[in-house]
Amino acid sequence: MGVVSATSTEVEHRVEYTRTLNSMAAVLMNRYGNVLNSDAIDSVYPEKVTGLKITKTDLIKLDLNEYSFNVQSKLTYIQDDSMQAKALDETFIFHIGPLGQATITSKVRNKETSIEVMSLAKFNHDHYQTREFAYTWLAYLDGVVLDNSIKDKPWFDNAEYTVKIGSKEIQGSILSTLAARKAYLFKGGHLLRELEVKVKALEGSDDVFILDLIIDWQGVNAAGKSVLAKIHQTITYQLEEHNQWNVISIEEEHLLPDIAPWQNLLC
């Protein structure tokens, strides 16, 4: 954790930006996950999509609570028993509700081009499911409870949440740990920088995983001092029936913060 200079206006902008981005990203990850799960959300996508990779994104604020999110992607799909590929350029218009929830109000297919087939196997439903969870979790940390509410999950009251900041350690339920954590990260926002999924080595079990997150946080602590933090979160979870997540524990460690700017919107 480090101290940086920030005005109250900059902090408010950070709060608005991260709440908005994480909320919109969670909705988009859910949308693309459904496309890859053969749960077609509309007829503009092929029926048998085998992989979808986001290649470029751009976020523009249009008006109060209205945003334009442009997404460029490549997808592979099966048509007439052969593999095909397309490059897509789509723009989603989002409305942000009073509690920070993002809703798609319209979408435009700007461009669609047939391209050479490539391997996108790793950009599958699981790829987007983990990212939907990560962005939903970060939105929750920033005070936004989405429709797919983490707080309503059976594991929410049982998972143990540990935070280590230097020599200090906080341990308890999610709610109790977050309450104590606010002394250090009082007002600001979380941005996802890296995400990796690992299989947890447990004898006789192949359904327990670790979600590794690297997160930037910027804002002020409870004393009003500006703070810049680099956070490493390790979320251990079990995949249950129908791909439902059961989070077992969350471990958070604060590393030396990065000062260099980050360019990508989504991971």
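Which residues in α1 meet which residues in α2? The model behind the answer is a predicted one.

## The helix pair

On the α1 side, the residues in the contact are Asn 22, Ser 23, Ala 25, Ala 26, Met 29, Asn 30, Tyr 32, Gly 33 and Leu 36. On the α2 side, they are His 125, Tyr 128, Arg 131, Glu 132, Tyr 135, Thr 136, Leu 138 and Ala 139. Sorted by class, the contact of α1 with α2 holds nine nonpolar, six polar and two charged residues.

Helix α2 covers residues 125-141, and its axis lies 8 Å from that of α1, at an angle of about 160°. An angle over 145 degrees counts as roughly antiparallel, so α1 and α2 are roughly antiparallel to each other. Their crossing is left-handed.

Strands β1 and β2 run antiparallel and are joined by twelve bridges. Two residues lie between these strands in their hairpin, where Asn 65 takes a positive phi near 70°. Strand β2 (residues 66-79) also pairs with β3 (residues 82-96), in the antiparallel sense and over 14 bridges. Val 71 ties into both pairings: Val 71 in β2 is the bridge partner of Thr 57, and Val 71 stands opposite Glu 90 in β3.

## The six-stranded sheet

A further open sheet has six strands in the order β6-β5-β10-β9-β8-β7, and its pairing is mixed. The edges are taken by β6 (168-172) and β7 (187-199); each has a single partner strand, so one side of each is left without a neighbour in the sheet. Neighbouring strands of this sheet are turned by 15° against each other on average, direction ignored. Within the sheet, β8 (residues 208-220) and β9 (residues 226-239) run antiparallel and are joined by 13 bridges. Leu 211 stands opposite Ile 235 in β9.

Which strands does α1 lie across here? Helix α1 lies across β7 and β8, and runs at about 35° to β7. Helix α3 (residues 174-181) packs on the sheet as well, touching β5 (160-165), β6, β7, β9 and β10. The direction of α3 makes about 150° with that of β6.

## Around Asn 246

Asn 246 is placed in strand β10, which spans residues 245-255. Leaving aside residues up to four places away in sequence, Asn 246 touches Trp 155, Thr 236, Tyr 237, Gln 238 and Glu 240. With Glu 240 there is also a polar contact of 3.5 Å between the side chains.

How far apart in space are Asn 246 and Val 208, C-alpha to C-alpha? The distance is 9.3 Å, while in sequence Asn 246 and Val 208 are 38 residues apart.

Terms used
Residues numbered from 1 in each chain as written. Predicted model: local features only at pLDDT ≥ 70, side-chain atom pairs only at ≥ 80, totals over all residues. Heavy atoms only, no water. Pairing = 2+ DSSP bridges. Helix = DSSP H or I, 4+ residues; strand = E, 2+ residues; numbered from the N terminus. Contact = heavy atoms within 4.5 Å. Polar contact = N/O pair within 3.5 Å; in protein donor to acceptor, adjacent residues only side chain to side chain. Axes fitted to C-alpha atoms, helices over the stretch in contact; angles between N-to-C directions. Parallel < 35°, antiparallel > 145°, perpendicular 65-115°, else oblique. Left-handed = near helix turned anticlockwise from the far one by under 90°. Nonpolar A, V, L, I, M, F, W, Y, C, P; charged D, E, K, R; others polar.
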